[in-house]
Amino acid sequence: MSAGPFKVCMLGDFGVGKTSLVSRFVRSTFSDKYMTTVGVKVDSKEVARPGRDPTKLVLWDIAGRNAIDSVSANYLRGASALLIVADGTREASLAAALNLLMQARGLLPNAFAVLAINKFDLLDRWEIAPPTLTQLRRAMTVFETSAAAGSGVEEAFAAIVAGLDP
Amino acid sequence: MIDADALPPFVRERLRALLLERSHALVLGFDPDWTLREIHGDAAFHGIDTDAPAARIAALQDLFVGIDVGDDQEIPFVELANGRSVHVYLLADGESFHLLLLDADEARATQRSQQQLANEAVLAGHAKSKAIDALRNIRNELERQRARLEEANALKNAFIATMSHEFRTPLTSAFGHLRLLEQQLPPGESGDALQAVRRSLTYLFALAENLLEYGRGEAGGGLLYPTDIDLDALLADCEAMFCPLAVAKNLVFRATLERSDATTPRFDEVKLRQIVINLLSNAMRYTHSGEVVLALRWADARLHVEVSDTGIGIAPEFQARVFHPFNSGAQSGSRGAGLGLSIVRRLVEQMQGTLALQSELGVGTRFTLDLPGAAASPSTNDAAPVHGRVLVVEDDVDVSRLLEVAFEGIGLDVRVVGEAAAAIEVALAEPPRLLVFDMHLPDLSGCEAVFRLRAQGYRGAILMLSANASADARDAALRAGADRYLTKPIDFAKLEAVARELLARE
Ligand SMILES: Nc1nc2c(ncn2[C@@H]2O[C@H](COP(=O)(O)OP(=O)(O)OP(=O)(O)O)[C@@H](O)[C@H]2O)c(=O)[nH]1
Ligand SMILES: [Mg+2]
């Protein structure tokens, strides 16, 4: 099908680590300091695709919200995939993520979505139990990620790339 | 909105100039294929080098991936590569189009500081309530432990005080007088009665020993000495002990034995007798009319003991408490030391049996016990080889070598993997019977790996090994989903026992 580039939107409640995941993925950097995103920050990265030409992901790091308002709906237009992000140390952020996913599905019925439960390095403070994730996995692709330590990040984006263009 | 046309021309002009300046407006004209045709305004401010604009243009083009540029578009607050925030407008113009960029930095700064405060307040609130919860839990736990310790201590003191005098002294005296009686009476006369007295005294003595054991705590009391048991003799002894008591209280006492297993039961005799006698004593004490029934059944290598009465019964709210020591008031009218049932529970636990209680106030009480008979030769079971594959996830070659030898020694096939990610794949693809994780692995921590497995529905047995003996580390491992946690240096006897236990549990 298409050779890209592909628009990928980061969706999730505030503070879950959307900006951090993008920095980890695009620049291999991480900062402890929280600086909330206003509006949207757009980055891009060339990615390899097994057995075919590389393509480009255009990553939209959208300000965190627990529901999609008209501004974020506008940002979502044209997206091919969504990386829905929750924070494992805040159970409420998972509810927000699922809510965002449902709303986004209404706007973008064909977008491919992957769920990242972030801050895996803080596992001892996690509020999300393994059985919950087992359940979620029946319905979608889920990764435990850590923008701080890097684990799961490449895998989550690779899953998006794989799901973009079957 | 202001009607610009209504303004005097010089005001309108001034306003226009001010707005253009303040917004650092930049207009870019494009062909449909994104070839830049014209550029007007503050290009440098927006980081665009008019001589080599390609990189920045590509970034702008990225904004419209997946979007039709034949329609007007508006994207507010976009942060571009130079870190500044702009509002971006696309103005369609037939085939071609214009992009309009207006500086949004100041507005973003205001919005960011508000948003930052609000978000941080929520995050801090969450962190605070979590910390408070944790503190509250710790305090409750400490409080519970303190109460438990106090209770245990009080118990022990009370017990030792009662035991040493008020129990042993009269027993010794009774034994002495019994001996006198036996010598004075001609043989054959009242011999049965004296025998019954002697038996009862003997069991009282045994009971006293058991109380002492209680005082000693778990440490020394858990050993069992199983021997062949003559159930008929046990039944006869109970009848001899309790029939006279029942007659004196005008109660019916019945004892029955049923046997559908031809083998000879093996139990710790002293403990088994103490259990039955305690239950019967208890039933006799709280039954004022009607009957007390003992039913023994030996079937499938298990002894089923049922003691039922038509006594005063135990109110539901006290039923859990009757097994606690010194439960005065649990059964109304109770005067006893309140140790009998707690001893029963303890002995049943030691014998790995189960104990159930059914009771209704004013109707009666029934205790039901199920005790597994001791195996004929208890040690062979432990050495029996086990089968299957164990996956050892350990990056230290020396340690993994030791584990390999240990597990192969009990009959398991061993596969060693040095990295967590690879181990997760292997375990999910071909679940081993036992998974052994080192806490410190080169890629993921053991906890993270175990959590990942459990989060993907892995249900097999997982044993975590770590050099860290702290309770925190252990809790973290168990919370992540490990079944057992052992510390290094590895105690191989323990490792083997735990492995057997986990394999048996499947
Ligand atoms: N320990 C840890 N902290 C993380 C991780 N990811 C993000 N953080 C921290 O969490 C905070 C929020 O991260 P951001 O990436 O700014 O979150 P965001 O989702 O972009 O937030 P908004 O822009 O407000 O929607 C920052 O302090 C990060 O350092 C992680 O994987 N581990
Ligand atoms: Mg952000």
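Predicted model: local features only at pLDDT ≥ 70, side-chain atom pairs only at ≥ 80, totals over all residues.
## Where the ligand sits

Let's start with ligand 1. You'll find ligand 1 between chains A and B, and the space it takes up is the largest pocket. There are 25 residues around ligand 1, and the ones that come nearest are A:K18, A:S20, A:S31, A:D32 and A:Y34.

What does that shell look like by class? Around ligand 1 there are eleven polar, eight nonpolar and six charged residues. If you're looking for the element with the largest share of the shell, go to helix α1 of chain A, residues 18-27, which contributes three residues.

## Polar contacts and burial

Some polar distances are worth a look if you're setting up the site. The side chain of A:Y34 has an N or O atom 2.5 Å from an oxygen atom of ligand 1. With A:D32 the backbone is involved: one of its polar backbone atoms is 2.7 Å from a ligand 1 oxygen. A:G64 also uses its backbone, with an N or O atom 2.8 Å from an oxygen atom of ligand 1.

How much of ligand 1 does the protein bury? On its own, ligand 1 would expose 650 Å², and 92% of that area is buried by the protein.

The volume of the largest pocket comes to about 1200 Å³. Its lining runs to 50 residues, and those closest to the pocket centre are A:G15, A:D32, A:Y34, A:K119 and B:L123.

Which elements build the lining? At least two residues each come from α1, β2 (40-49) and β3 (52-62) of chain A, and from α3 (105-184) of chain B. The top contributor to the pocket lining is α3(B), which gives ten residues. Sorted by class, the lining of the largest pocket holds 19 charged, 16 nonpolar and 15 polar residues.

## The enclosed cavities

The largest cavity holds about 50 Å³ of space. Its lining is made up of B:H46, B:I48, B:R56, B:L60, B:L80, B:A81, B:N82 and B:L101. By class, that lining splits into five nonpolar residues, two polar ones and one charged.

The second largest cavity comes in at about 40 Å³. Which residues line this second largest cavity? From chain A there are A:K7, A:W60, A:N74, A:Y75 and A:R77, and from chain B there are B:I67, B:Q73 and B:I75. Two or more of these lining residues come from each of α2 (70-76) of chain A and β3 (73-79) of chain B. The lining of the second largest cavity divides into four nonpolar, two polar and two charged residues.

Definitions and conventions
Residues numbered from 1 in each chain as written. Chains lettered and ligands numbered in written order. Heavy atoms only, no water. Near = heavy atom within 4 Å. Polar contact = N/O pair within 3.5 Å; in protein donor to acceptor, adjacent residues only side chain to side chain. Areas by Shrake-Rupley, 256 points an atom, 1.4 Å probe, with all protein chains shown as cover. 1 Å grid on protein atoms, 1.4 Å probe; cavity = no way out; pocket = protein on both sides within 12 Å on 5 of 7 lines; lining within 4 Å. Sits in = over half its atoms within 2 Å of the grid points. Helix = DSSP H or I, 4+ residues; strand = E, 2+ residues; numbered from the N terminus. Nonpolar A, V, L, I, M, F, W, Y, C, P; charged D, E, K, R; others polar. Points joined across faces, edges and corners; volume = space filled by probe spheres on them.
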